[in-house]
Every structure is written in structure tokens, then in C-alpha cells.
Amino acid sequence: MTRNYCRRYPQDYGFIRTLYITLFLWLVVYPAGILFYTTKIDGRENLEKGMRYVFTSNHTSYIDAPLLSMVANHPVAYMAKEELYTHKNPLIRFLVISLGSFGVNRKKPESATIKSIIDIARHTKWSFGIFPQGKTYSHDEQNFDEVKGGFVSIAKLAKMDIVPVAISGFDGYAFIPFSKHITLNIGKPISYQLPEDEILKQWVEYMKENVE
């Protein structure tokens, strides 16, 4: 990478990018989610208006981040694996960079990632988006038994409660309007102040009960 995207600064999340994200959400994400996936969102009452959270979900595809943004309904900074910034697909590279993600080296996390989390939490109004499974799983192979607590550490660092979101129904990308159906089940926030083991236990239990 020509730039270390593990390190993001408060100015990377200023007015221009916030406006861009908001327009992208309302002009692209919502229309596409409704038109192609008839996306249904349950549990929005669990989110307190004006609060920032660490939004987390099972990982099914490249559209998981836009789906989580539909849930949040405001700008979300996603933690993305470093490889996405050099992805062979130029559209994926462009979206990962332009939409304000911050990178992480999964084999050897850098202090730059930690500094980015602290800056975003302290100096912006953005929430965080993380996929604790670390990699995508197909509709029939969802696995939560090997989830590690890295996302818990991030929530504690950012001092934000964790919102589990169960993505159900994804069985492939839609190319025909109304051909697919996805449900997003929003769980109650899990306090970041709980012990790590308890947070992880509650998160895994929610996913196992709500991912269909």
C-alpha cells in the first residue's frame, strides 16, 4: 500500500466525508437494499437515538457493511482487513478507501490501528463496524464457535456498547429486483463494561439464536 490505511485521523472523518457517506447511504444503499433484497430491519427500538455503538454482525458477503450502515442510519467507520486496500477489484478498493474504513493487519495488529480507533472515538461522531468472525461464511456454514474477542477490546477502547446484528437470508448476490430477501435482526446493546468473556458469550448466543 502506498498509504498506511491502518492509520486514520480525525480529519479523515470530517464534513465532506460525512456528507458523502450520508448521500451514499440514502441514494445508493437504501434503494439497493430495498429494491434487490427487500431488506427488512427488526429491533430498531433497541437503539437509543443519538448514541454511537460498535455495530457487529455475522459475515456473509461484501454487502454486509452497507447492510450494517442501514441499521446504524449514520456514518460508520469499518475495520477492514489490510488486503482489501490492494484488492484486484477496483470498485471494492475504491469503496473501502472512500467510505472511511481503517485497516488492520490480522496477523500482527499495528499500533496505528489502535491510534485510529482512539481518534475516531474521541474526535468524531462516527460509530464503528466490525465483523468478529474475521472472514465470510456461506449461508449454510455460519460458525460462531471460533470467534475471538478482538471486537470486545475495540469496544472497550472506544467506550461504546456493542450492538449484535444477525444477518439472515443471504444466499447470493441479487441481480434482479426483488429476487432476494434479507432480514437484519438488531439485538439489545451489550455493555462494553462487562467482562470480556461475558460479552463474547452474549454475542455468540444472540447470533446462534437469530441467524437463520
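Buried denotes a relative accessible area under 20%, exposed over 50%, and partly exposed the range in between (1.4 Å probe, protein chains only). The structure is a predicted model, in which local features need pLDDT of at least 70 and side-chain atom pairs count only at pLDDT 80 or more, while totals for chains, interfaces and linings use all residues. Residues are numbered from 1 along each chain as its sequence is written, and side-chain values use heavy atoms, with hydrogens and water left out.

**Figure 1. Salt bridge between Arg7 and Asp119.** A salt bridge is defined as a side-chain nitrogen of Lys or Arg within 4 Å of a carboxyl oxygen of Asp or Glu. The closest N and O atoms of Arg7 and Asp119 are 2.9 Å apart. The pair links distant parts of the chain, with Arg7 in the segment before helix 1 (15–37) and Asp119 in helix 4 (residues 111–123), 112 residues apart. Helices (H or I, at least four residues) and strands (E, at least two) are DSSP runs, numbered from the N terminus. Arg7 counts as buried because its relative accessibility is 16%. Asp119 likewise counts as buried, at 15% relative accessibility.

**Figure 2. Salt bridges Lys180 to Asp171 and Glu205 to Lys201.** Side chains of opposite charge can pair when their charged atoms come close. The side chains of Lys180 and Asp171 meet at 3.2 Å, N to O. Asp171 counts as exposed, since its relative accessibility is 51%. In the other pair, Glu205 and Lys201 are also joined at an N to O distance of 3.2 Å. Across the whole structure, a search finds 6 salt bridges.

Figure 3. Two strands are taken to pair if DSSP finds at least two bridges between them.

**Figure 4. Pairings of strand 3 with strand 5 and strand 4, and of strand 6 with strand 7.** Strand 3 (residues 76–81) runs parallel to strand 5 (residues 127–130) over 3 bridges. Within that pairing, Val76 has Ser127 as its bridge partner. The pairing of strand 3 and strand 4 is also in the parallel sense, over 3 bridges, and Ala80 stands opposite Gly103 of strand 4. By contrast, strand 6 (residues 162–168) and strand 7 (residues 183–186) pair in the antiparallel sense over 4 bridges. Opposite Val165 stands Ile186 in strand 7.

**Figure 5. The second largest pocket.** About 230 Å³ of space lies in this pocket. On a 1 Å grid over the protein atoms alone, a pocket is an open set of points with protein on both sides within 12 Å along at least five of seven lines, whereas a cavity is a set of points where a 1.4 Å probe fits but cannot get out; lining residues have an atom within 4 Å of a point. Grid points are joined across faces, edges and corners, and a volume is the space filled by probe spheres set on the points. There are 14 lining residues, of which Lys49, Gly50, Met51, Ala72 and His74 are the closest to the pocket centre. The lining divides into 6 nonpolar, 3 polar and 5 charged residues. In this division, Ala, Val, Leu, Ile, Met, Phe, Trp, Tyr, Cys and Pro count as nonpolar, Asp, Glu, Lys and Arg as charged, and the others, Gly among them, as polar.

**Figure 6. Backbone of Thr38 and Lys159, and the approach of Phe36 to Phe178.** Thr38, in the loop between helix 1 and strand 1, has a phi near 40°, a positive value in a residue other than glycine. Its relative accessible area is 28%, so Thr38 is partly exposed. Lys159, in the loop between helix 5 (150–158) and strand 6, likewise has a positive phi, near 60°. Lys159 counts as exposed, at 59% relative accessibility. Phe36 is placed in helix 1 and is partly exposed, with a relative accessible area of 23%. The C-alpha atoms of Phe36 and Phe178 are 4.7 Å apart in space, although 142 residues separate the two in sequence.
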